[in-house]
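Here are my notes for you on this one, written as numbered points. Keep the structure open while you read, and look up each part as it comes along.

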Amino acid sequence: MSLLGEDILTEEGEFIINMGPQHPSTHGVLHLKLWLNGEEIKRVQPHLGYIHRSIEKMSESLSYRNFIFATSRMDYLSAHMNNEACALTVEKGLGIEIPERAQVIRILMSELTRLASHQLWWGSTGLDLGAVTPFFYAFREREAIMGIMEETCGARLTQNYNVPGGVMADIHPNFQKHTKEVMQQIKSKLDEYDDLLSGNVIFEARTKGVGVLSKEDAISYGVTGPTARGSGVSCDVRKWAPYSGYEKVQFNEILEEGGDSYARYMVRMREMKESISIIEQLIDNIPDGDFQAKTKNVIKLPKGEFFQRVETARGELGVYIVSDGAASPYRVKYRSPNFSNLFALPIMAKGGKIGDLVAIMSTLDLVIPDIDR
Amino acid sequence: MNKEELKNVLSGYSSNIQFDETTEPLSAIVPAAEFFGLMQFLRKDAQSNFDFLNFMTCVDWKDHFMLVYFLHSTTYRHDVMIKVKLENRDEAEIETVCNIWRTAEFHEREVFDLFGVKFTHHPDLRRIFLDDAWEGHPLRKDYTDENMIEL
Amino acid sequence: MDVKSDKLEFPGQIHQTQDGGILLTTLDDAINWARSNSMWPLVFGTSCCAIEMMSAADAKYDWSRFGFEVARATPRQADLIIVAGTIVMKMAPVLRRLYDQMADPKYVIAMGACTISGGPFFYNTYSVVKGVDHVIPVDVYIPGCPPRPEALLHAMITLQEKVRLEPYFRKSDKTDE
């Protein structure tokens with residue numbers, strides 16, 4: 001019997017209210033139907049499709065260089081990693097190796113994006129739970145990182161910096177100096193964040209023990225990313241299936257055993273520190289060479305199927321391309337991390353209050369356009 | 001386990017499985033009648049332990065559908081793609097696997113919405129992205145819509 | 001009521017303007033000044049442009065300098081709806097309902113390429129509304145994908161100028177849709 005069920009009538013004493021699509025805490029256009037008994041949630045039913053932009057159908061008529069732009073708009077907070085997944089899949093299909101300089105630049109940009117995404121997550125978690133100050137502090141750091149992106153890639157949010165073969169242009173001459181300054185700034189602030197929110201009595205009361213996800217449920221529901229690592233599932237793609245040079249970098253995979261919202265929160269806070277350490281290892285050791293391997297102007301993949309997974313800020317993104325030899329993909333499927341993470345929400349929220357639901361949604365860190373594609 | 005060992009495990013279950021070595025990971029095409037038994041076997045088998053359904057999708061090859069199930073094992077870290085060919089495009093039906101992996105429930109709803117494949121014994125088969133009143137299944141190759149502006 | 005479009009007979013001649021005279025025009029200016037400097041936007045963002053809208057709200061670009069600080073969550077208390085993000089066919093009735101729930105006078109800013117014409121999702125998509133002005137009337141359009149926060153601030157200032165020119169007490173030809 002499905003937990004969600006059809007549009008079931010309510011039992012005695014229950015009533016249904018709608019949360020969303022327009023709601024300040026749903027992080028996008030997500031429509032949740034709640035069956036409530038008083039303040040206690042009996043059932044949560046997500047309704048999707050309010051931002052279904054038919055990206056997979058559109059990609060079937062675009063060329064292999066063009067279809068990458070649409071993935072920037074899917075999970076826009078890890079836009080660089082989404083683009084990297086597409087570029088890696090096309091490179092796998094063509095069978096080309098990208099130069100080392102391009103690999104290191106890709107890792108640096110990915111970790112900067114991950115840092116910026118976790119900053120925004122931290123700010124909006126504070127905002128959802130009632131603390132307004134973290135929002136402004138987080139955006140101060142995020143603006144600094146976006147300044148680096150703008151200098152090199154040309155855009156703040158939807159960078160489009162990856163192409164099949166490498167990166168689109170070489171890094172700005174000021175990149176290393178600018179990045180080192182920003183890392184110094186952020187490192188000194190991370191302890192301030194811990195003081196502000198992590199040790200706060202109200203915050204701990206609202207997140208400890210709330211929304212527990214067991215390890216078996218996490219695996220059965222296909223949950224990946226920091227959400228799964230908060231329940232003890234070791235699933236960091238950068239560790240067990242490294243791509244693009246991650247095997248040469250030293251970092252830890254952060255696991256927590258609690259499975260509640262506080263555990264997921266601490267995973268992301270510690271991941272920010274790991275990202276900074278990766279950037280510091282590489283920033284002075286960018287190898288010389290080409291930033292792009294030579295590819296033909298019109299890329300045609302041979303007949304077959306290709307799959308590549310990367311670790312975005314929210315979980316494992318997989319790109320599956322089916323090609324029949326033409327200049328456009330025959331079928332593109334994006335295995336989006338948020339799609340699987342969302343459907344663990346009903347089991348986490350059952351039995352709690354609406355305030356707990358807000359705390360769970362903020363630590364799940366969903367980006368809704370990634371669910372609907 | 002590498003491709004050879006996986007092939008042995010799968011052929012040990014049934015001899016009607018065809019293998020495609022060119023894809024990475026190994027892909028195995030199963031006849032629809034043996035599909036559900038194979039899925040249960042792969043979940044419970046201690047040697048392969050495929051406890052994670054990464055994704056599930058459908059490819060429209062104009063005269064048949066090919067369903068693709070991408071399985072992964074969190075303990076052994078190997079993958080396999082199980083494919084099922086559905087000949088009848090208008091009345092495509094297959095057994096659901098949502099009792100084996102809970103995430104399949106929603107991937108199957110997506111395939112039903114966009115392709116029109118029905119899953120028997122599914123607890124809640126409805127459209128997920130589009131309106132309930134939408135006509136047609138958009139990701140099919142023969143889908144036409146006057147709102148779509150062709151490039 | 002038509003405006004007498006007269007030719008100037010001598011320099012310095014005073015035009016006959018719409019009815020009201022100097023008292024109502026001054027009152028108009030004062031009220032419009034107050035209205036334009038205190039517009040409350042609705043919290044509404046569907047996709048990527050919402051992040052740039054949040055960046056316009058943060059400490060670096062800071063839209064509260066212009067009076068837009070208090071972002072309301074409910075449309076009944078908002079003056080302005082900044083449509084940030086693509087609108088698809090399932091969301092269009094929701095947007096129309098939100099717009100209808102807002103009280104007059106209300107304004108709309110269409111932010112980003114998706115709301116102007118469907119943007120990058122114009123060709124070969126079956127579910128995107130190709131331009132939000134098919135659903136609600138728009139006052140200011142901002143191009144960009146996503147537009148920079150400064151572009152959003154520029155649009156807000158343009159909207160403020162538009163509000164200042166509105167005849168509030170005088171009769172107007174403005175047709176309400």
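1. Let's begin with burial in chain B. This is a predicted model, so treat everything below as computed from that prediction. Of the 151 residues in chain B, 38% count as buried. To count as buried here, a residue needs 20 or more other C-beta atoms within 10 Å of its own.

2. How does chain B compare with a compact globule in its radius of gyration? A compact globule of 151 residues would come out near 15 Å, and chain B has 16 Å, which agrees.

3. Now trace the chain B backbone. Starting at the N terminus, the order in chain B is α-β-β-α-β-β-β-β-α-β. Look at the contacts in chain B between residues at least 6 apart in sequence: 46% of these join residues at least 24 apart.

4. On to chain A, which has 15 helices and 8 strands. Its radius of gyration is 21 Å, close to the 21 Å that the globule rule gives for 373 residues, so chain A is as compact as a globular protein of that length. The C-alpha trace of chain A spans about 70 × 50 × 35 Å along its principal axes.

5. What share of chain A counts as buried? Of its 373 residues, 55% do. As for contacts in chain A between residues at least 6 apart in sequence, 71% join residues at least 24 apart.

6. Next, see where chain A touches chain C. The contact takes 25 residues from chain A and 27 residues from chain C. On the chain A side, helix H1 (55–59), helix H2 (68–72) and helix H5 (133–153) each supply at least two residues. H5(A) gives the largest share of that side, with 4 residues. Sorted by class, the side of chain A that touches chain C has 13 nonpolar, 7 polar and 5 charged residues.

7. Last, a helix pair inside chain C. Helix H2 (residues 49–57) and helix H5 (residues 149–164) of chain C pack at an angle of about 75°, with their axes 8 Å apart. That angle makes H2(C) roughly perpendicular to H5(C). Zoom in and you'll see C:Glu52, C:Met53, C:Ser55 and C:Ala56 of H2(C) meeting C:Pro149, C:Leu152 and C:Leu153 of H5(C). By class, this contact has 5 nonpolar, 1 polar and 1 charged residues.

Key:
Residues numbered from 1 in each chain as written. Chains lettered and ligands numbered in written order. Predicted model: local features only at pLDDT ≥ 70, side-chain atom pairs only at ≥ 80, totals over all residues. Rg over C-alpha atoms; globule rule 2.2 N^0.38 Å. Buried ≥ 20, exposed ≤ 12 C-beta atoms within 10 Å, placed from the backbone. Contact = placed C-beta atoms within 7 Å. Axes fitted to C-alpha atoms, helices over the stretch in contact; angles between N-to-C directions. Parallel < 35°, antiparallel > 145°, perpendicular 65-115°, else oblique. Nonpolar A, V, L, I, M, F, W, Y, C, P; charged D, E, K, R; others polar.
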